[in-house]
Amino acid sequence: MNEKEPSKNKKINIITRHMEIDDLAKVFHLGEKLFTAEKVPTLYRTWDEYEVLTLYQGDSEFCLVAEEEEKEEIVGFTLGTTISKSHSAWKYGHLVWLGIDPDWQGQGIAKKLFDHFLDLMIEDGVRILLVDTESDNKKAINFFYKMGFKNPQDHVYLTLNLDNQRRQYREKEIYDH
Ligand SMILES: CC(C)(COP(=O)(O)OP(=O)(O)OC[C@H]1O[C@@H](n2cnc3c(N)ncnc32)[C@H](O)[C@@H]1OP(=O)(O)O)[C@@H](O)C(=O)NCCC(=O)NCCS
C-alpha cells in the first residue's frame with residue numbers, strides 16, 4: 001500500500017478550510033500531479049504558479065483546501081472566482097480548479113469541498129455557477145452532474161499559428177528602419 005494511501009479500516013478526518021499563504025506551494029504541487037499538459041491541453045488556462053497566486057491574490061475567499069487533520073496533509077483544493085457583468089443583475093461564480101490527490105479520491109472529499117465552496121458562493125450573492133473541463137474527463141463530468149450541474153454547452157477552441165505573420169512583421173520592421 002502506498003504510504004500516503006488511507007487505510008480502509010481507519011477513520012479519516014477531513015476538514016475543509018480557507019487556503020492560507022503556507023498552503024500555496026502544496027496546492028501548486030498537488031495541481032501539478034493532476035493538471036499536466038497532456039491531461040489539460042487547452043492553453044487558455046494552464047496550471048502554473050501564477051495561476052494559483054493570481055486566484056489567491058484576487059479571490060482568496062474562494063480558495064479552499066481539504067486537509068487530513070491528523071497529519072495536516074493537504075489532499076484537495078478548490079480555486080474559484082466571481083464574475084459580475086455590466087448591465088446584468090446576475091452574479092456568476094466560476095469554480096476554476098478543483099483537485100483531489102489521486103490517493104484520496106473516491107471518498108467524498110470533492111463533495112465536501114464543493115459543499116463548502118457552494119455555501120461561500122451563495123453567501124456572496126452568486127446566482128449561476130459555472131464549471132468547465134475537458135470533454136473526455138468523465139470523472140469530473142460525473143462529479144459535476146452529481147453536484148447538480150446541467151446544460152452542458154459545446155464550445156470549440158480554434159488556433160491560428162501566427163509564425164508567418166510574425167515573420168512578415170519582423171521583415172517589415174527591418175525594412176522600415
Ligand atoms: C473529479 C474529482 C475532483 C472527484 O473527486 P473525488 O473526491 O474523488 O469525488 P467524490 O468522492 O467527492 O465523488 C462524489 C461523486 O462524484 C462522482 N465521481 C467521483 N469520481 C468518480 C469516478 N471516478 N467515476 C465516476 N463518478 C465519479 C460520483 O457520482 C461520486 O458520488 P458517489 O461516490 O456517491 O458515486 C477528482 O477525480 C479529481 O481531482 N480529478 C482530477 C482533477 C479534475 O479533473 N478536476 C475537475 C476539473 S477542474
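Predicted model: local features only at pLDDT ≥ 70, side-chain atom pairs only at ≥ 80, totals over all residues.
Against which elements do the buried residues of α1 pack? Residues are numbered from 1 along each chain as its sequence is written.

Figure 1. Helix α1 spans residues 24-34, and its buried residues are Val27, Leu30 and Gly31. These residues cover an arc of only 100° around the axis and therefore lie on the same side of α1; the arc is that of the directions from the helix axis to the C-beta atoms. An α-helix has 3.6 residues a turn, so residues three or four places apart point the same way. Ala25 and His29, on the other side of α1, are exposed. A residue is buried if 20 or more other C-beta atoms lie within 10 Å of its own, exposed if 12 or fewer, and partly exposed in between, with C-beta atoms placed from the backbone. The packing partners of the buried residues of α1 are α2 (49-59), β2 (63-68), β3 (73-84) and β4 (91-100). Contact requires C-beta atoms, placed from the backbone, within 7 Å. Helices (H or I, at least four residues) and strands (E, at least two) are DSSP runs, numbered from the N terminus.

Figure 2. Five of the six residues of β2 are buried. Strand β1 (residues 14-18) runs antiparallel to β2 and is joined to it by five bridges; Ile15 has Glu67 of β2 as its bridge partner. The pairing of β2 with β3 is also antiparallel, over six bridges, and Val65 has Phe77 of β3 as its bridge partner. Strands pair if DSSP finds at least two bridges between them. Four residues lie between the strands in the hairpin of β2 and β3, where Glu72 takes a positive phi near 55°.

**Figure 3. The shell around the ligand.** The ligand is surrounded by 19 residues, the closest being Gln105, Ala110, Lys111, Asn142 and Phe143. Elements giving two or more residues to this shell are β4, α3 (109-123) and α4 (138-146). The largest share, five residues, comes from α4. By class, the shell has eight nonpolar, eight polar and three charged residues. Ala, Val, Leu, Ile, Met, Phe, Trp, Tyr, Cys and Pro count as nonpolar, Asp, Glu, Lys and Arg as charged, and the others, Gly among them, as polar.

Definitions and conventions:
Contact = placed C-beta atoms within 7 Å. Near = placed C-beta within 6 Å.
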